[in-house]
Amino acid sequence: MFSPRYLHMQSRIYVSSKNFNSSFSTSSRPIAKFDVSNGKDSDSQTSELNPKGKHLGVFSHSTVKLPEQLKKAVDKILSSCTDTNLSQNAEILKNHLIFKKPPLTETKLQEIKVRFTEKLSAAHPSPDNSFLSAEDEKKIQNTLKSKIQKVVSQNTYRWKPVIYNEAVALTYLVARIAPEYATLYQIFQEICSRDQNFQPQTLFDFGSGIGSALWSAKSCWGDKKFKEVFCVDSSVDMNNLALALIQGGVWPNKASDFNPIDLDEKEFSSTIKGLYFRQFMPASSAVKYDLVVCAHSLLELPSAELRLQIALSLWRKSQGYLVFVEHGSRAAFEVIMEVRDFLLSLSEGNKESNLQGYVFAPCPNKTRCPRLAETTPCNFEVKYEPLQINQRIQKERYSYLVLKKGQRPDEDLQWPRVVRPVLVRSGHVICRLCTQEGKLEEIVITRAKNSKLENLMARRTKWGDLLPVQLSRPDTTELECTLEDEKNL
Ligand SMILES: C[S@@+](CC[C@H](N)C(=O)[O-])C[C@H]1O[C@@H](n2cnc3c(N)ncnc32)[C@H](O)[C@@H]1O
């Protein structure tokens, strides 16, 4: 089904992302002034912050487990599955998806062709052809052309759609349910924690697959609160599998295979009033949803035009949050940034209030992402319990984007995002941050220069959290002192 050559490539993806220090300037670190009054829990006293150092920028990083109800449904479905190669195929599919890239654009393909032609001509300068007949010269030209074509096709990524039939849908379930549920759960937890008044009643999920978004949203906000859940997935088999999971592992009536599935309260054991599965996006964007999700589906689309078209439709459909998430690879990160910049440009230059919004997470800014100028993607990590029992806890890397409709509220202080693991040393803590100004900065919190509370706050902060600080540049005399202090760390 998928070429096993992807298997041995798995470790390569993490190599560049471990190259943490390259982009964080250490020669002129900014000064961090802790926002202690804003960094405390709203209902706790500053003094209560001291023992724990937990602040409002810290989000949940505990290992995510599938809900019992979902786990039981998965077990039931898999217990009746006769495919003995399921685990092996799941591993192959997982790696295929990790290394998936968007299809090359025609312009990019032409650029590659020109590059290879130039390389080949430089390596084999054409001999004097003046004595050749026109026919022989044509033959040589054709040989060269087919050689170029071969080299180009060997050296370019060939995007192919994954056909999610019943077998692939089951393979996908084994390979991806645990990490995808965990990723969305972690992202939704951040929304819950930063916007406690947000209680979504309607959810729209594009490329809904096995329904991870619905399950994660149910876990974060409670299923009793959802009045409508609208899932769009072009694969009937994916829709059926998602429905089977919701029904506790019972496959839907095969008659529904060829029809869009509508469920009402009677048919669905949960309390969601309207649950819809469709194969196509609704033509109108008149109906709006509180939470709109597009998880691991952008790279499934065959062109950049379609990606942006879908992104715009989803933005129009949203009246609260719009969430994009992809695997934490460079290619996936770039696709997320493409969508971010496109939607932000529409939001900025458009009078239509329905298009206005801002980046809620992870960026504390609307500038061009500083990571686009280098090779490391901006990604985060979630720990999850794998589907197979007795397997150790796993980690999934992901890139994501949460946009929110409307204007950024004044109380949003745009604290910097911690974009790499926090380095906790005996006398100091190093935090690598992406700032409100769209810069990558490194700050050092020391016992000598910072209070006990500030040290605790820094120690409690993890990769992916917000650090409640305001940054400013030291003047040069202060900088000399800082560097001198650092030698003594
Ligand atoms: C990698 S899966 C993501 C699954 C899902 N988000 C989840 O978390 O379970 C991508 C899904 O996108 C669907 N898909 C691909 N192209 C689509 C399109 N044009 N419209 C709707 N769904 C599409 C596929 O059928 C597949 O189920």
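**Salt bridges, a helix and the ligand site**

Analyst: In this predicted model, Asp 195 and Lys 404 form a salt bridge, with their closest N and O atoms 3.2 Å apart.

User: How many residues apart in sequence are the parts that the pair Asp 195 and Lys 404 ties together?

Analyst: Asp 195 is in the loop between α8 (166-194) and β2 (202-206), while Lys 404 belongs to strand β10 (residues 394-405). The pair therefore ties together parts whose separation in sequence is 209 residues.

User: Does Asp 195 count as buried or exposed?

Analyst: Buried means under 20% relative accessible area. The relative accessibility of Asp 195 is 13%, so Asp 195 counts as buried.

User: Which helices are linked by the salt bridge between Arg 307 and Glu 338?

Analyst: The side chains of Arg 307 and Glu 338 meet at 2.8 Å, N to O. This pair links distant parts of the chain, 31 residues apart, and the helices concerned are α11 (residues 304-317) for Arg 307 and α12 (residues 330-348) for Glu 338.

User: Which burial class does each of the two partners, Arg 307 and Glu 338, fall into?

Analyst: The cut-off for buried is under 20% relative accessible area, and that for exposed is over 50%. Arg 307 has a relative accessible area of 4% and is therefore buried. Glu 338, at 25%, is partly exposed.

User: Why is helix α9 described as largely enclosed by the rest of the structure?

Analyst: Helix α9 spans residues 212-221, and its buried residues include Ser 212, Trp 215, Lys 218 and Trp 221. The helix is followed by Gly 222, which has a positive phi near 90 degrees. α9 is largely enclosed because its buried residues number nine of the ten.

User: With which residue does the side chain of Glu 381 make a polar contact of 3.1 Å?

Analyst: Glu 381 is found in strand β9 (residues 380-384) and is partly exposed, with a relative accessible area of 22%. Leaving aside residues up to four places away in sequence, Glu 381 touches Gln 186, Lys 395, Glu 396, Arg 397, Tyr 398 and Trp 463. Gln 186 is 195 residues away in sequence, yet the C-alpha to C-alpha distance is 9.3 Å. The side-chain polar contact of 3.1 Å is with Arg 397.

User: Which residues come nearest to the ligand?

Analyst: The shell around the ligand contains seven nonpolar, nine polar and three charged residues. Of the 19 residues around the ligand, those that come nearest are Glu 180, Gly 207, Ser 212, Asp 233 and Ala 295.

User: What percentage of the area that the ligand exposes when taken alone does the protein bury?

Analyst: A polar side-chain atom of Glu 180 is 2.6 Å from a ligand oxygen atom. Ligand nitrogen atoms lie 2.7 Å from a polar backbone atom of Gly 207 and 2.8 Å from a backbone N or O atom of Ala 295. Taken alone, the ligand exposes 600 Å², and the share of this area buried by the protein is 90%.

Terms used. Residues numbered from 1 in each chain as written. Predicted model: local features only at pLDDT ≥ 70, side-chain atom pairs only at ≥ 80, totals over all residues. Heavy atoms only, no water. Near = heavy atom within 4 Å. Polar contact = N/O pair within 3.5 Å; in protein donor to acceptor, adjacent residues only side chain to side chain. Areas by Shrake-Rupley, 256 points an atom, 1.4 Å probe, with all protein chains shown as cover. Nonpolar A, V, L, I, M, F, W, Y, C, P; charged D, E, K, R; others polar. Helix = DSSP H or I, 4+ residues; strand = E, 2+ residues; numbered from the N terminus. Buried < 20%, exposed > 50% of the residue type's maximum accessible area, 1.4 Å probe, protein only. Contact = heavy atoms within 4.5 Å. Salt bridge = Lys/Arg side-chain N within 4 Å of Asp/Glu carboxyl O.
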